[in-house]
Amino acid sequence: MASISLRGVQKSYGEGAPVIRNVDLEIGENEFCVFLGPSGCGKSTLLRMIAGLEDVSDGDLSIGGRIVSDVPSAQRGVAMVFQSYALFPHMTVFENMAFGLKLAKTPKDEIDRKVREAARILQLEALLERRPKALSGGQRQRVAIGRAIVREPGVFLFDEPLSNLDATLRGQTRVEIARLHKQFAKASVVYVTHDQIEAMTLADKIVLLHAGKDTERYGSIAQIGAPLELYHRPNSRFVAGFIGSPRMNFLPGKVAAIDARGVSVKLDHSGESVRVAVDGAALSAGQAVTFGVRPEHMELVDAAVAAGVPDPASASVSASAPATLQDAAVLARTVSLVEQLGEHSYVHLDEADGAVLIAKAPGDTRLKQGDRASFRAPASICHLFTEDGFAVASLESVEHYA
């Protein structure tokens with residue numbers, strides 16, 4: 001087992017601006033860490049730096065407490081699984097899995113034991129004499145994983161290993177990788193993907209990376225945390241918009257009132273007032289902000305009930321009003337499209353500026369194009385972002401970290 005530490009790590013090509021900038025990261029022993037982000041953010045480059053396939057331009061990279069920035073890849077104690085499988089076509093499954101051990105001059109009986117044990121775990125025992133061309137994509141990927149397992153490394157590195165598989169095989173192989181991590185709990189895993197489902201289901205820790213101008217301004221890392229931390233407590237509009245599918249709805253507005261229960265925001269285009277349970281101490285009335293709410297957090301309410309909800313920004317809110325409505329954002333819109341997916345539906349709602357607001361509804365919803373519908377979201381699960389894109393801390397987070 002081995003921990004990984006990156007301190008001030010940067011990567012540049014020639015005289016150009018760094019593609020990896022100011023990375024400070026700790027990956028613990030036994031941890032499953034996923035690098036996630038848009039195309040071009042440097043996920044694979046960062047992984048290849050850990051593997052030793054790319055040089056570190058600046059900063060220190062340590063594995064197991066040893067600085068390895070100038071150590072050859074073969075001496076780092078890592079094993080890598082590539083997107084393209086990288087199997088030798090003229091070798092059998094057994095020979096492919098044994099290749100690294102043969103290079104290390106491992107005794108034949110030990111090679112045989114390790115390969116057959118890995119084959120048993122990966123359900124490849126019946127395929128050991130086949131060549132890669134006789135295997136499916138999922139089987140080839142398992143062989144590539146097996147080749148890494150037999151080396152018993154301290155660190156496993158996965159570079160988008162499922163991207164070449166169809167949807168069904170991706171799901172199956174994802175489950176196998178999760179199972180293998182539990183089985184080989186002594187090893188740390190670094191896994192690169194652009195797929196949120198893979199990141200959310202596999203990771204102990206997600207490292208979400210910036211791309212483009214955001215990298216130049218803020219550095220490569222947007223946020224580090226457990227999957228649900230990034231989902232429920234994004235630290236910026238970028239993180240909030242990237243995590244979740246469909247993405248979070250964003251509506252521009254201005255601060256209308258601030259009190260102990262949070263901040264009331266008047267939306268620019270509709271004039272509606274919505275409440276967000278955030279710490280408004282650093283905000284001021286009239287300040288431009290962005291209100292955020294996830295589609296799955298918008299609950300369809302009866303139109304008559306919604307019409308009677310008092311303005312949360314008003315001091316005359318009735319104490320007898322239901323708490324679930326009194327402290328909720330209620331948005332009324334015209335339906336422009338309903339996507340029925342069986343278990344649930346996505347309802348597209350027209351915005352005054354031509355944008356679309358999306359809400360999640362039951363799969364058997366009777367809403368149709370042209371209907372007027374109202375949706376509510378409790379203030380505690382709505383979000384607020386300042387003009388520079390940073391999130392205003394929720395009252396729950398303030399209390400939790402106090």
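**Cavities, a pocket and a strand**

Leu251, Pro252, Leu267, Asp268, His269, Ser270, Arg333 and Glu351 line the second largest cavity. A cavity is a set of points, on a 1 Å grid over the protein atoms alone, where a 1.4 Å probe fits but cannot get out, and lining residues have an atom within 4 Å of a point. The model is predicted: local features need pLDDT of at least 70 and side-chain atom pairs count only at pLDDT 80 or more, while totals for chains, interfaces and linings use all residues. Residues are numbered from 1 along each chain as its sequence is written, and side-chain values use heavy atoms, with hydrogens and water left out.

The second largest cavity holds about 30 Å³ of space, a volume being the space filled by probe spheres set on the grid points, which are joined across faces, edges and corners. Its lining divides into 3 nonpolar, 2 polar and 3 charged residues. Here Ala, Val, Leu, Ile, Met, Phe, Trp, Tyr, Cys and Pro count as nonpolar, Asp, Glu, Lys and Arg as charged, and the others, Gly among them, as polar.

A search of the whole structure finds 2 cavities of 30 Å³ or more. The largest cavity has a volume of about 120 Å³. Of the 10 residues lining the largest cavity, Phe156, Phe158, Leu180, His181 and Val189 lie nearest its centre. Helix 4, strand 7 and helix 5 (167–183) each supply at least two lining residues, and the largest share, 3 residues, comes from helix 5. Helices (H or I, at least four residues) and strands (E, at least two) are DSSP runs, numbered from the N terminus. The lining of the largest cavity has 9 nonpolar residues, 1 polar and no charged.

Strand 7 (residues 155–159) also pairs with strand 6: 4 bridges join the two, which run parallel. Two strands pair if DSSP finds at least two bridges between them. Met80 stands opposite Leu157 in strand 7. Within strand 6 (residues 78–81), Val78 and Met80 point one way and Ala79 and Val81 the other, and all are buried (under 20% relative accessible area with a 1.4 Å probe, protein chains only).

A pocket is an open set of grid points with protein on both sides within 12 Å along at least five of seven lines. About 520 Å³ of space lies in the largest pocket. The pocket is lined by 17 residues, and Val78, Met80, Phe82, Gly100 and Arg151 are the closest to its centre. Strand 6, helix 2 (93–103) and helix 4 (137–149) each supply at least two residues of this lining, which divides into 13 nonpolar, 2 polar and 2 charged.

Notes: Buried means under 20% relative accessible area, exposed over 50%, partly exposed in between (1.4 Å probe, protein chains only).
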